[in-house]
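Okay, thanks for making time, everyone. Let me put the structure up.

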Amino acid sequence: MTTRTVSRAHRSNHPDPIALRAGDTVKVGEVYQDDPDWPGWVWCTHARTGKSGWVPVQLIDRDGDAGTALEAFTAFELDVSPGQRVTVHRALNGWSWVEDDAGRQGWVPDRCLTEAG
């Protein structure tokens, strides 16, 4: 784990994100291509809940347009403000799963984080 400082604010546009458990089945759609800093995300729709969202390709065992979650995942994004310090637990495809000082966790784009000073 590493500590980072938030350099740019991030606000989630997805209040009800997709959440998966290992073994859940999904319908796999398009690969994200809108931002070169965020490679390796695929649009998935949960077979049971119908919720959709971007999921790292590494976490899906894909067979055509069907897939199985290899581990638990949530696309929950954490709202952060400049100057906050966060602990990075995991980094994938241009995003980091972080925890703030209040214990809230979620994804934040790496471009919003700098080395802790």
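So, the term first: I'm calling something a salt bridge when a side-chain nitrogen of Lys or Arg sits within 4 Å of a carboxyl oxygen of Asp or Glu. Now the housekeeping: this is a predicted model, so local features need pLDDT of at least 70 and side-chain atom pairs count only at pLDDT 80 or more, while totals for chains, interfaces and linings use all residues. Residues are numbered from 1 along each chain as its sequence is written, and side-chain values use heavy atoms, with hydrogens and water left out.

How many salt bridges does the structure hold? Seven. I'll go through some of them.

Take Asp35 and Arg111: their side chains meet in a salt bridge, 2.3 Å from N to O. Asp35 lies in the loop between β3 (25–31) and β4, and Arg111 in the loop between β11 (105–109) and β12 (113–115), so this pair ties together parts 76 residues apart in sequence. Strands here are DSSP runs of E, at least two residues, numbered from the N terminus. Buried or exposed, what is Asp35? Buried, at 14% relative accessibility, while Arg111 is partly exposed at 31%. For those words, buried is under 20% relative accessible area, exposed is over 50%, and partly exposed is in between, with a 1.4 Å probe and protein chains only. Asp37 comes in too: salt bridges with shared partners join Asp35, Asp37 and Arg111 into one network.

Next, Asp16 and Lys51, with their closest N and O atoms 2.7 Å apart. That one links distant parts of the chain, 35 residues apart: Asp16 is in the loop between β1 (2–6) and β2 (19–20), Lys51 in the loop between β4 and β5. Asp16 is exposed at 52%, and Lys51 is partly exposed at 31%.

Then there's Asp24 with Arg21, at 4.0 Å from N to O. Asp24 is buried, at 11%.

Okay, the pocket. By that I mean an open set of points on a 1 Å grid over the protein atoms alone, where a 1.4 Å probe fits, with protein on both sides within 12 Å along at least five of seven lines; lining residues have an atom within 4 Å of a point. The largest pocket is lined by 20 residues, and His14, Trp54, Ala75, Glu77 and Trp95 lie nearest its centre. Two elements give two or more residues to that lining, β4 (41–46) and β5 (52–56), and the largest share, three residues, comes from β5.

Technical notes: Helices (H or I, at least four residues) and strands (E, at least two) are DSSP runs, numbered from the N terminus.
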